[in-house]
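Student: Please pick one part of this model and walk me through it slowly. I would like to know what surrounds an open space in a protein.

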Amino acid sequence: MNSKILSLLEFNKIMDLLAEQAGSVLTKERIAALEPMINKHMVQDALTETTEAVSVIVYKGNIPIGEMGDISGLLGMARRGRCLSMRELLHIKRSLQIAREAKNFLETDMPDGLKLLPEIASLLVAFPQLEQDIDRSILSEDEMSDSASKTLKDIRRDIRNKNEMIKSRLQKMVSTNSAKTHLQDAIVTMRNGRYVIPVKKEYASLYPGMVHDQSATGATLFVEPQAVVNMNNELRQLALDEQAEITRILELFSSRVAEHCTEIENNQKLLLELDFINAKGKLSVMMDARCPNLNEDGVMDIVSGRHPLIPMDKVVPTNIQLGKDWTTLLITGPNTGGKTVTLKTIGLLCLMAQSGLHIPADESTEIPLLEEVFADIGDEQSIEQSLSTFSSHMKNIVSIFEAAGENSLVLLDELGSGTDPAEGAALGIAELERLREQGALVVATTHYTELKKYALSTEGVENASMEFNVETLSPTYKLRVGLPGKSNAFEISRKLGLDETIIGRATELLSDNQLSFEEAVTRVEEDKIKTEAALAEAKLAKSDADASKAAAEYELIKAKREADKILEDARIKARQMIRDAHETIDEISDDLRDIANRKNSTFNEGHVAGGVADSRRRLREAEGKFENTKAKAPVTMQTGKTPEPEMLQVGTRIKYLKIDQNGEVETLPDSRGNLTIKVGSLKTKANIKDLILIESEDAGNKERTRKKYGELSFGKTKTIKTEINLIGKNLDEATDLMTKYIDDAFLAGLKSIHVIHGRGEGILRDGLRQAMKKNKHVKSFKSAPYNDGGDGCTIVELIERK
């Protein structure tokens with residue numbers, strides 16, 4: 001697209017904001033060259049990248065890609081066999097580190113639904129050993145660590161020892177009594193990398209050796225005594241050995257880098273791509289932007305669009321439709337009322353979307369895929385080229401006619417201005433007709449009444465106006481589509497105190513047609529305001545009705561669930577009662593057979609009679625237990641209603657009415673009722689008034705399970721339930737509940753009870769059975785039969801109560 005148009009619509013300022021979010025200079029250079037794309041698949045992929053970046057940033061923060069230099073030149077040198085310096089290897093290490101951190105970041109704990117970013121992460125190759133070795137060996141750009149190699153460590157140890165030996169020998173020489181006379185100073189210094197002592201010239205013959213330097217006056221000679229010449233030679237050789245070892249290590253690292261040149265170079269390209277994508281995501285979050293919907297049908301529907309360069313606390317959102325019911329939109333309104341800003345907003349949002357950027361508008365916004373955007377905005381008169389304002393505009397219009405067509409957007413500011421109003425209006429109408437013939441989408445601003453009338457009478461052309469508050473004499477910057485703007489000159493003049501006779505005379509001078517038009521516009525505006533108010537009230541009533549309907553449907557579903565659950569609980573209790581009855585009958589039958597055997601033996605008749613009486617008592621107790629067993633109504637939570645703040649906890653299940661989706665509470669509400677909720681994998685801000693409580697499926701199931709197996713307590717000395725359900729409890733809690741239940745069962749005279757713990761991994765079962773072994777009331781225990789719970793239930797035999 002034309003670079004002049006990009007600058008005119010301030011697209012370059014958006015690129016500056018995007019560049020500020022990038023970490024690398026190379027990425028900033030790429031952003032500087034970014035232009036809108038016209039291929040739908042390329043645009044859609046770029047928007048998907050931005051969307052995924054936003055998901056990651058919101059979920060766990062920015063992708064860790066900081067400043068990194070261009071290492072392609074260094075890789076080329078390594079590939080050709082050149083030895084890299086310590087400074088260059090540190091640049092390589094930095095690139096390896098960023099690649100490793102980015103790969104780990106993108107492959108660990110990521111939000112669901114991502115495709116492009118995980119694919120990029122899978123292509124990154126980490127070299128942790130090479131990175132670690134360079135980091136361990138090279139301390140700075142000019143210092144290598146002793147730990148780089150054992151040889152280097154040994155050489156440096158020898159250097160330190162040799163230094164100490166030389167300095168010790170020379171220190172003895174300068175510490176003698178005669179040295180005080182012979183030496184200029186009793187010190188050991190260095191010249192040309194060798195240790196020397198400062199000898200007075202007249203005593204030089206007393207210190208045979210090599211003279212390396214003399215003082216400025218020539219009175220002092222810096223002599224290397226013969227006694228340390230060999231040691232200095234050895235020290236020099238060690239220094240050469242050290243440098244040779246450092247060179248060898250650098251060559252080794254360079255060769256290792258050369259082995260992986262292709263992967264490292266590919267890593268850099270991928271990192272630059274990630275940096276670019278991350279910058280787009282950060283810009284989207286900063287602007288509170290959304291991903292628009294692209295279409296190739298030439299339909300534009302901007303919902304709550306904001307100019308991205310105006311602060312969010314000052315900008316007024318606008319709604320703009322184009323390409324469906326009309327292809328030309330004519331905007332009228334007062335100066336400084338926001339017409340030009342609206343034009344730039346339309347153009348800029350289209351350019352941003354086709355550059356793969358999110359736009360500051362509602363996510364339902366539709367943006368057409370455009371091949372060209374043209375604009376004639378502002379006063380571009382040129383003294384050098386002898387062009388007036390009108391001539392400048394006309395030159396732009398001519399160039400637009402030459403290139404505009406289908407899939408083009410044309411933005412025209414102050415159409416027909418700069419010349420005679422009648423001629424300008426006529427020319428403006430002709431220009432709009434030509435652009436419509438060429439199939440372009442057109443948004444134009446004007447002050448001319450003739451153009452307003454043209455829009456009213458022409459199909460496919462629609463009026464719009466910038467709202468103006470006559471009471472405050474200030475624009476509201478709100479765009480009203482479907483209503484032509486009326487002249488407010490008389491009202492403004494009257495508010496400012498202009499003599500009424502002057503205003504009256506001006507009114508008389510207006511033509512009847514023009515006056516009638518202004519009056520008609522006023523009536524239409526008043527009617528539209530009333531209609532919009534009625535529509536808003538109707539929408540509010542419908543919203544309340546929908547919410548009430550949803551709440552009623554939910555209550556109906558909940559009531560049906562509760563009724564089904566009560567029936568199911570009743571069936572379960574009935575089956576349990578039958579099972580208990582069978583067990584009692586079996587026990588009494590065994591006792592009666594035993595009594596019969598005793599009767600035929602020599603047992604005392606009193607014992608026999610007592611056994612029969614005990615069997616009868618147990619039958620009566622069982623009969624009383626079955627008669628007195630009643631189903632308890634389940635306790636229900638107050639769902640389907642807007643909660644109070646104190647009713648919410650982190651994890652509370654809710655329904656978000658704005659999108660009719662279930663979710664859960666992430667943070668507690670603040671003083672204004674604002675909180676964070678989680679819907680699926682998406683976290684978003686909400687207000688408590690937009691939420692209703694719903695029953696947690698997990699919590700509801702656990703509660704109903706607990707109620708199903710709850711005790712029917714009639715006192716510890718009377719009949720109690722013969723089973724306890726501990727599923728869902730932790731071991732400590734379950735052990736305490738089981739111990740208390742066994743005590744109650746023992747006091748009630750039960751011989752056998754069922755402890756339901758579930759199968760799972762067996763941790764709860766084994767822990768409870770350990771506790772059973774230590775309980776004084778437990779006689780024995782075993783797993784239940786397969787049709788009675790199997791390994792998920794333990795049958796406990798209790799000792800008889802005496």
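Tutor: Let's go to the largest pocket, whose lining residues divide into 14 nonpolar, nine polar and nine charged (nonpolar: Ala, Val, Leu, Ile, Met, Phe, Trp, Tyr, Cys and Pro; charged: Asp, Glu, Lys and Arg; polar: the others, Gly among them). This is a predicted model, where local features need pLDDT of at least 70 and side-chain atom pairs pLDDT 80 or more, while totals for chains, interfaces and linings use all residues. Residues are numbered from 1 along each chain as its sequence is written, and side-chain values use heavy atoms, without hydrogens or water.

The lining has 32 residues, and Ala289, Arg290, Glu363, Leu682 and Thr684 lie nearest the centre of the pocket (a pocket is an open set of points on a 1 Å grid over the protein atoms alone, where a 1.4 Å probe fits, with protein on both sides within 12 Å along at least five of seven lines; lining residues have an atom within 4 Å of a point). The space in this pocket is about 1300 Å³, counted as what probe spheres set on the points fill, with grid points joined across faces, edges and corners.

Which elements give two or more residues to the lining? They are α4 (40-60), α12 (261-287), β19 (674-679) and β20 (682-687) (DSSP runs numbered from the N terminus: helices, H or I, of at least four residues, and strands, E, of at least two). Among them, α4 provides the largest share, six residues.

Elsewhere, helix α16 covers residues 449-457 and lies across β10, β14 and β15.

How values were computed: Contact = heavy atoms within 4.5 Å. Axes fitted to C-alpha atoms, helices over the stretch in contact; angles between N-to-C directions.
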